[in-house]
Amino acid sequence: TELDSFFITKSFRGATYETWQYNVVATLQGIVNPDSVCIIGGHYDSIVQTLDPSDGAPGANDNASGVATTLEVARILKKQNFTPNTTIKFIAFGAEEIGLYGSYKYAQKAASSGMKIKMMLNNDMVGIWPADDLNYTINIIDYANSYDLRIDAEKTCSLYTELNTVNDNTYQAYSDSWPFYQYGYRAIFFISDADDHNYH
């Protein structure tokens, strides 16, 4: 595991703030093609619409749910002594809510260093669903270069889970998969197909 640090400058209400932020990265090394990388992740920061620091930020769904999903996948793979052919990086991204900074910085570094990212799977707001509805549905957002990844994800959900799937790309530019797409990497984005009344 490692901390991937990055420095940001942000203006807010007439003041400029400078701070270090961090992506938290855990790596499961591939044994056949270790230079080929798959990323699964989600952001760990939260925010409130008022931007008042004294207001509580109900980040359980946005996005502790995405981080929990990422950690659970890592836990299960480790418990099963899974040895992947390609390297898997589990990443909790920082500073998503104020401009996708963590994922932009990581995707930029990856592109500059020639990292061979096969795909990026983003989990954001995957933990909300009405208690009286048993038809849990996940929206799988794709991009111009990742249609086939979405189709594979839909098939996987159908074969191995009770999840229903839909595809609505309305919010494809609003989470950590977007910077990876901007840098030419293939990505998909999992988000619950339900409104969250505690959103921000």
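A polar contact is a pair of N or O atoms within 3.5 Å. In the predicted model described here, such a pair involves serine 65, whose side chain reaches the backbone nitrogen of glycine 127 at 3.5 Å.

Serine 65 belongs to helix α1, which spans residues 60–79. The relative accessible area of serine 65 is 12%, and this residue is therefore classed as buried, the limit being under 20%. When neighbours within four places in sequence are left aside, the contacts of serine 65 are Ala60, Met125, Val126 and Gly127.

The strands of the model were examined next. Eight strands form an open sheet with mixed pairing, arranged in the order β1-β2-β4-β3-β5-β8-β6-β7. Strands β1 (2–12) and β7 (164–166) lie at the edges, each pairing on one side only. On average, and with direction ignored, neighbouring strands of the sheet are turned by 25 degrees against each other.

Within this sheet, strand β5 (residues 116–123) runs parallel to strand β8 (residues 187–192), and four bridges join the two. Leucine 121 has isoleucine 188, in β8, as its bridge partner. Helix α2, comprising residues 101–113, packs on the sheet and touches β1, β2 (15–28), β3 (33–43), β4 (86–93) and β5. The direction of helix α2 makes about 125 degrees with that of β1.

Key:
Residues numbered from 1 in each chain as written. Predicted model: local features only at pLDDT ≥ 70, side-chain atom pairs only at ≥ 80, totals over all residues. Heavy atoms only, no water. Buried < 20%, exposed > 50% of the residue type's maximum accessible area, 1.4 Å probe, protein only. Polar contact = N/O pair within 3.5 Å; in protein donor to acceptor, adjacent residues only side chain to side chain. Contact = heavy atoms within 4.5 Å. Pairing = 2+ DSSP bridges. Axes fitted to C-alpha atoms, helices over the stretch in contact; angles between N-to-C directions.
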